[in-house]
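Please open the model in your viewer and keep the selection panel handy. We will go from stop to stop, selecting one thing at a time.

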Amino acid sequence: MNISRDEIIHISKLARLNLTGEEIEKYTKDLEDIIGFANTINGVDTENIDESITATEQSNVFRKDEVKEFDDKEALLSNAPSMEGRNVPPSKCFIIGR
Amino acid sequence: MELYELTVHELQEKLDKKEINSQDIVKSYINRIDEKELEINAFITTRKEAALNETMQKENAIPIGIKDNICTKGIKTTCASKMLENFVSPYDATVMENLNNDSIILGKLNMDEFAMGAATEYSAFKKTRNPWNLNKVPGGSSGGSAAAVAANMVPWALGSDTGGSIRQPASFCGVVGLKPTYGLVSRYGLVAFASSLDQIGPITKDVTDCAILLNKIAGTDEKDSTSSNIEKRDYTKAIGKSIKDLKIGLPKEYFGEGINEEVKKAILDVAKKYEQMGAIVEECSLETTDYALATYYIIACAEASSNLGRFDGIRYGYRSSNFNNLKEIYSKSRSEGFGPEVKRRIILGTYVLSSGYYDAYYKKAQKVRTLVKQDFKRLFEKYDVLLTPTSPTVAFDIGTKSNNPLEMYLADICTVSVNIAGVPAISLPATINSEGMPIGFQLIGNHFAEETLFSAAYAFEQENKFREKYKPEFKK
Amino acid sequence: MSREDYEVVMGLEIHAELSTKTKIFCSCPTDFGGEPNTHCCPVCMAMPGALPVLNEKVVEYAVKAGLAMNCEIAENCKNDRKNYFYPDLPKSYQISQFDKPLCNHGYVEIDTKDGKKKIRILRIHIEEDAGKLNHDEYGRGSFVDLNRAGVPLIEIVSEPDIRGPEEADAYFKKIKSILEYIEVSDCKMQEGSLRADVNVSVRKKGDPKLGTRTEMKNMNSFRAIQNAVNYEAQRQIEVIESGGKVEQETLRWDELQGKTFSMRDKEDAQDYRYFPEPDLGMIHISKEYIENVKKTLPELPESRKKRYIEEYKLPEYDANILTSSKYFSNLFEGAVEKCGSAKAVSNWIMSDITGYLNENEIEPEKIPFTAENLAELITLIDKGTISSSIAKKVLPEMFEGEEKSPREIIEKNGWVQISDEGAIKEVVAKVLEANPQSIIDYKAGKDRALGFLVGQAMKETKGKANPGMLNKMFLEELNK
């Protein structure tokens with residue numbers, strides 16, 4: 001299986017990963033091995049076979065349209081990296097960059 | 001005998017008779033942690049003081065260890081990743097809510113980063129060692145959970161299993177581990193690796209404890225759309241049931257090339273023992289086994305690539321300190337926050353979903369998945385359980401395998417089909433090999449046939465008496 | 001070649017926020033506004049481990065919209081993940097529907113200058129809205145507010161059946177009106193709860209092949225769509241006429257500059273990597289379910305229109321305008337029920353009320369008074385309590401003032417019509433005395449002079465005199 005460096009660079013951009021040259025080399029090779037192996041499924045006859053679309057057999061799992069507020073809203077914000085030591089309005093927003 | 005050596009059902013008896021209280025148990029375990037943790041490295045977070053404090057309110061509670069990818073409100077949940085090194089979940093996973101009243105969390109346990117790995121060597125923080133031999137891996141990804149139970153540092157633990165991550169470390173560490181039927185245990189609060197494959201399950205000292213812990217965590221959850229609505233059962237009732245005329249299939253694909261000879265022999269001995277106990281054992285064939293691994297890695301990585309998109313450095317988690325624009329917040333935070341195996345799987349998963357490859361890989365794999373399900377269905381029309389090795393080998397030396405990812409992936413051959421089909425499977429120790437390392441075997445059941453697994457596993461456990469014969473030696 | 005030689009081909013993807021109480025996959029409220037990140041929970045904030053559960057009302061509302069737009073409702077459908085990174089999308093994927101949407105193959109009818117036209121609807125699917133990314137004007141950074149993240153949307157995708165900006169306008173208004181009638185969306189365009197992505201291409205008239213299209217995202221006013229399409233069509237024609245090729249791309253319409261701009265990030269092409277959402281099961285819609293939803297559908301505009309023409313004998317044009325908005329239609333029906341005069345109610349809505357709305361750029365849903373108020377106004381005219389010229393002064397009061405009851409308004413302002421014979425006589429005498437020339441004119445056969453005199457008398461009484469009585473008395477005096 002041939003996978004090009006450029007393809008790995010393209011894929012890493014899609015995945016928002018910033019790879020070093022070394023990583024690109026390594027992952028290109030790894031992916032060639034793994035995809036080469038994954039190609040074994042191409043030999044399986046799947047004509048007239050439906051895909052398994054969902055993991056569960058259950059359908060129509062619905063929720064009622066009733067408001068339930070989450071009880072600890074402070075905790076939802078407390079892990080935000082940008083809020084440490086910064087106090088610029090609006091303070092309850094996640095802050096990105098400068 | 002120390003309290004930490006007892007199983008939970010033995011502790012429970014003493015609690016019921018008021019011979020001891022939770023404080024005695026927690027103290028005993030804290031002493032044991034102090035004694036062994038430096039060697040084993042099973043914990044990412046310990047909460048000795050907090051656990052002791054909780055004994056005041058919860059006099060009859062049993063301590064527990066939790067794999068660090070299960071959200072615990074107010075306690076760090078790191079997924080063994082730099083990405084979540086300081087993350088404190090704002091909510092409790094549903095399993096934690098189920099456990100809260102009669103459990104005390106002793107700590108959060110080490111694992112492969114985001115549950116991706118089979119040796120706990122991909123933890124961003126530490127390598128956990130196998131209590132039977134400190135130079136060996138405990139397996140993974142729930143290596144911390146299995147090692148902590150084997151080393152008596154927790155009486156029992158929760159792990160998660162996406163392709164064998166409960167069963168394989170249980171097998172490597174000589175303990176019992178169950179991957180429940182998909183949907184039996186809520187996934188709400190389990191940090192997702194592969195949503196259609198992940199299940200939380202117990203890792204315990206024996207089969208009875210396994211049934212007790214499953215009783216506590218199983219059940220419908222309105223917060224998890226994939227949780228099943230089957231009625232609640234008491235799994236301990238399956239303990240001690242006769243296995244006479246139980247039909248056991250031995251899928252020949254699990255005894256071929258690549259399976260270590262000692263392992264193979266041990267499992268065939270287990271089969272013989274079952275026959276002696278009155279079960280009917282027959283060779284059978286699970287033809288899709290050869291394709292299961294490729295199918296598994298395609299589906300698991302595809303889902304993972306999407307599930308791990310939320311780690312972007314904005315609302316929580318690691319954020320790179322040197323970025324010039326929005327795109328760099330993402331790419332730098334993610335590149336610096338994720339370890340090499342996680343990145344590898346994200347790349348693989350992104351690749352198989354990307355334009356031009358979707359049909360050939362992801363869609364094809366979902367079709368093969370249907371075939372795997374059909375294959376199991378066909379066998380369960382004939383057999384009650386299937387008997388296989390849990391892993392092709394026993395625990396290997398630390399640092400010997402992780403450089404070759406494909407070779408690492410191939411070692412999951414015995415466990416992944418179960419997740420693809422969504423059926424339950426239990427791993428329990430059979431014996432030890434010539435080096436003194438445990439060999440585990442796996443019993444696979446039909447959907448929601450956990451009771452059959454417990455009956456079969458318990459019967460063997462009583463006959464085999466592994467825990468009485470062998471103990472981890474902390475060999476250096 | 002000129003613009004007349006080209007045909008502008010358009011398709012619209014309309015996003016409408018559904019007016020459910022809670023978000024699509026969690027129980028947080030959907031209320032607009034609020035302090036940032038307060039209508040949030042682990043699910044809509046994409047905390048690790050949180051899982052979605054579908055709101056049943058979302059399915060119901062989407063099916064309702066599908067039925068109202070003549071769609072086939074899918075027996076089986078599913079949710080899919082659309083993967084892309086953006087700070088307002090906390091999971092880094094949007095749960096949407098890819099190849100199995102809830103509704104397929106519908107249509108709506110619009111009126112064009114050449115008569116009725118069917119615009120086909122390709123599909124309607126359900127999905128979640130994103131949050132908001134606000135850029136700080138002082139350069140302190142960008143701020144993410146996830147209150148809106150997870151608010152349910154339906155996306156209504158038309159076939160490329162729309163020709164030119166007028167049809168686009170009629171289609172968009174038609175969709176808005178249907179959504180309002182069936183009460184699944186409040187369609188508040190300023191708040192962004194109704195917006196459209198507009199695809200535009202041009203081709204030479206008679207050419208069967210579609211041209212390359214460009215897409216303009218998130219248009220949220222009728223006027224912007226008109227202007228943008230006009231601009232973009234002209235731009236494309238100029239590109240083609242100068243021998244160039246239109247590139248398929250996403251554009252941003254800048255209303256202030258009146259121009260479209262390329263949004264394309266050349267560095268990486270989009271690849272959404274859609275795949276079935278593994279956290280959710282399939283959706284099965286039974287025939288019985290569809291029948292039950294059908295029962296909840298109110299009478300739709302087409303049917304109302306027919307009824308207005310037949311039952312109230314209104315001209316088709318009037319019936320069209322009255323049913324163009326649920327708010328007009330309900331106002332009309334409510335007022336007719338109270339005062340009994342369909343023609344009068346229709347005239348008020350068609351002329352004075354519409355005029356006021358247009359002049360002040362107000363949407364029909366913002367009409368602040370009730371059908372009862374309007375009926376009362378008409379009854380007051382009928383009874384002669386006020387003149388219609390006074391009534392024209394009452395209407396703005398009803399829009400602007402605290403008091404909405406016409407009776408109270410005229411009382412408060414002392415606008416009750418003068419119908420006292422003695423008082424009218426006095427005014428008539430006074431006006432005749434002041435305008436001798438008009439008397440001469442009238443006698444010379446200039447009928448217009450009568451109108452002038454009545455007008456003067458109205459002026460004198462500040463419009464309060466009963467015009468019928470004035471007319472009568474002037475005639476009596478003049479013909480003496």
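How many residues of chain A are in contact with chain B, and how many of chain B with chain A? Select both chains and look where they meet: 52 residues of chain A touch 64 residues of chain B. Please keep in mind throughout that this is a predicted model.

**Stop 1: chain A against chain B**

Show the surface of the two chains. Between chain A and chain B, about 5,000 Å² is buried, and carbon and sulfur atoms give 65% of that area. Now pick out Arg16(A), Ile41(A) and Asn79(A): these residues supply 13% of the area that chain A buries against chain B, more than any other three residues.

Four salt bridges are found across the interface of chain A and chain B. For one of them, select Lys343(B) and Glu23(A), whose closest N and O atoms are 2.8 Å apart.

Which elements of chain A give two or more residues to the side that touches chain B? Colour α1 (5-14), α2 (21-38), α3 (73-77) and β2 (94-96) of chain A, and you have them. Of these, α2(A) gives the most, with 10 residues. If you colour the side of chain A that touches chain B by class, you will find 27 nonpolar, 12 polar and 13 charged residues.

**Stop 2: a closer look at Arg16(A)**

Stay with Arg16(A) for a moment and centre the view on this residue. Arg16(A) sits in the loop between α1 and α2 of chain A. Check its backbone too: phi is near 50°, a positive value in a residue other than glycine.

**Stop 3: chain A against chain C**

**Stop 4: two helices in chain C**

Select helix α6 (residues 316-323) and helix α7 (residues 326-339) of chain C. Their axes come within 6 Å and cross at roughly 115°, so α6(C) is roughly perpendicular to α7(C). To display the contact, show Ile321(C), Leu322(C) and Thr323(C) from α6(C) with Phe328(C), Ser329(C) and Phe332(C) from α7(C). Four residues of this contact are nonpolar, two are polar and none is charged.

**Stop 5: two helices in chain B**

Bring chain B back and select helix α9 (residues 289-307) and helix α11 (residues 340-353). These helices pack at an angle of about 100°, with their axes 7 Å apart, and therefore α9(B) is roughly perpendicular to α11(B). On the α9(B) side, show Tyr297(B), Ile298(B), Cys301(B), Ala302(B) and Ser305(B). The residues they meet in α11(B) include Arg345(B), Ile346(B), Leu348(B) and Val352(B). The residues of this contact divide into eight nonpolar, three polar and one charged.

**Stop 6: a link across chain B**

The structure holds 70 salt bridges over all chains. One to select in chain B joins Asp397(B) and Lys136(B), whose closest N and O atoms are 2.9 Å apart. This pair links distant parts of the chain, 261 residues apart. Asp397(B) lies in the loop between β9 (385-389) and α13 (405-410) of chain B, and Lys136(B) in the loop between β3 (103-109) and α5 (143-150).

Conventions: Residues numbered from 1 in each chain as written. Chains lettered and ligands numbered in written order. Predicted model: local features only at pLDDT ≥ 70, side-chain atom pairs only at ≥ 80, totals over all residues. Heavy atoms only, no water. Contact = heavy atoms within 4.5 Å. Buried area = accessible area lost by both parts, 1.4 Å probe. Salt bridge = Lys/Arg side-chain N within 4 Å of Asp/Glu carboxyl O. Helix = DSSP H or I, 4+ residues; strand = E, 2+ residues; numbered from the N terminus. Nonpolar A, V, L, I, M, F, W, Y, C, P; charged D, E, K, R; others polar. Axes fitted to C-alpha atoms, helices over the stretch in contact; angles between N-to-C directions. Parallel < 35°, antiparallel > 145°, perpendicular 65-115°, else oblique.
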